[in-house]
Amino acid sequence: MLTSSLDSEESAHIDNEDGNTLIVVDVPIDVEKRKKKETIETFETVPYIIAFNENYIVTLCKNDTKLAQKVISKNKRVAPHKHVRLVLLILLTLAQQFILDLKKVDRLSRNLESKLHTSQKNNELFGLMELNKVLVYFSTALNADKVVSEKLKRNTEFQMYEEDFDLMDDVQVELNQAIEMCSIYRGILSVMLDSFSSIINNNLNNVMKILAIITIVISIPTLVASFYGMNVQGLPVPEGPVGFYVILGGSVALALLGALLIVFLVKLTGGKRK
């Protein structure tokens, strides 16, 4: 039962076999990833195993989650022989850990958002996408853990003592709070990514508009030079070396006039749009 549940893709569930009860839940862990010579903080979820029978209780995880140590540090008295109560304390600490990590995710997203206002690079956008992926993992894990807690609540073994029943209610309250926080943060992060995408598209449109104006203005002297470059008689041009400067000055004047006309039309259409 233990070895089969150590798969990193194992989903949260409950199993009973020969008087042994196996509970698999998903827990969050902090990880660090290297991207373009920069270390970023992110989170993942891994299976956490709780197995017990009449004589023993075992917790097992591939990663060092320190969940058991947190249970001991947060509770003055821990009775290992009371397996049901200890399982509920682990689940309560697990839900509280999700809430703490969700607050860290929110703080990281706020820091990345503030950097995006002044940064010209894409690292912050990649960071927001990574946090969005983390929230998807958290949402899936929390919903699976909630299903496990609901199954435990219907189990008669978890309803023998009133204190255990109240503790189960606390577990579900914390899980529901974590699920609601995760949903809110996912919505905020999704709106943030859409907003920055719209801002990038708007900035690109402004740049393309300026480049189009520059292209039109430059094309006016090019058009004049093309006319005078043809071997056509009758074009108005003064004789002598002064003619070149007259044509050049006229081309520049036409270009400036065209630029002023385009700017006026842009402002006029912008005012009507407002």
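A cavity here is a set of grid points where a 1.4 Å probe fits but cannot get out. The model shown in these close-ups is predicted.

**View 1. The largest cavity and what lines it.** Searching the whole structure turns up one cavity of 30 Å³ or more. The largest cavity holds about 40 Å³ of space. Around it sit Val 27, Pro 28, Thr 65, Leu 67, Lys 70, Leu 94 and Gln 97. Strand 2 (20-35), helix 1 (67-74) and helix 2 are the elements that each give two or more residues to this lining. Sorted by class, the lining has four nonpolar residues, two polar and one charged.

**View 2. Helix 2 against helix 3.** Here helix 2 (residues 83-116) and helix 3 have axes that come within 10 Å and cross at roughly 165 degrees. Angles over 145 degrees count as roughly antiparallel, so helix 2 is roughly antiparallel to helix 3. The crossing is left-handed. On the helix 2 side, look for contact residues including Leu 91, Leu 94, Phe 98 and Leu 102; on the helix 3 side, Leu 128, Leu 131, Phe 138 and Leu 142 are among them. The contact counts 17 nonpolar, two polar and four charged residues.

**View 3. Helix 3 against helix 4.** Helix 3 (residues 123-154) also packs with helix 4 (residues 162-229), at an angle of about 155 degrees and with axes 9 Å apart. That angle is why helix 3 is described as roughly antiparallel to helix 4. These two helices cross in a left-handed way. Their contact is made up of 21 nonpolar, six polar and six charged residues.

Key. Residues numbered from 1 in each chain as written. Predicted model: local features only at pLDDT ≥ 70, side-chain atom pairs only at ≥ 80, totals over all residues. Heavy atoms only, no water. Axes fitted to C-alpha atoms, helices over the stretch in contact; angles between N-to-C directions. Helix = DSSP H or I, 4+ residues; strand = E, 2+ residues; numbered from the N terminus. Parallel < 35°, antiparallel > 145°, perpendicular 65-115°, else oblique. Left-handed = near helix turned anticlockwise from the far one by under 90°. Nonpolar A, V, L, I, M, F, W, Y, C, P; charged D, E, K, R; others polar. Contact = heavy atoms within 4.5 Å. 1 Å grid on protein atoms, 1.4 Å probe; cavity = no way out; pocket = protein on both sides within 12 Å on 5 of 7 lines; lining within 4 Å. Points joined across faces, edges and corners; volume = space filled by probe spheres on them.
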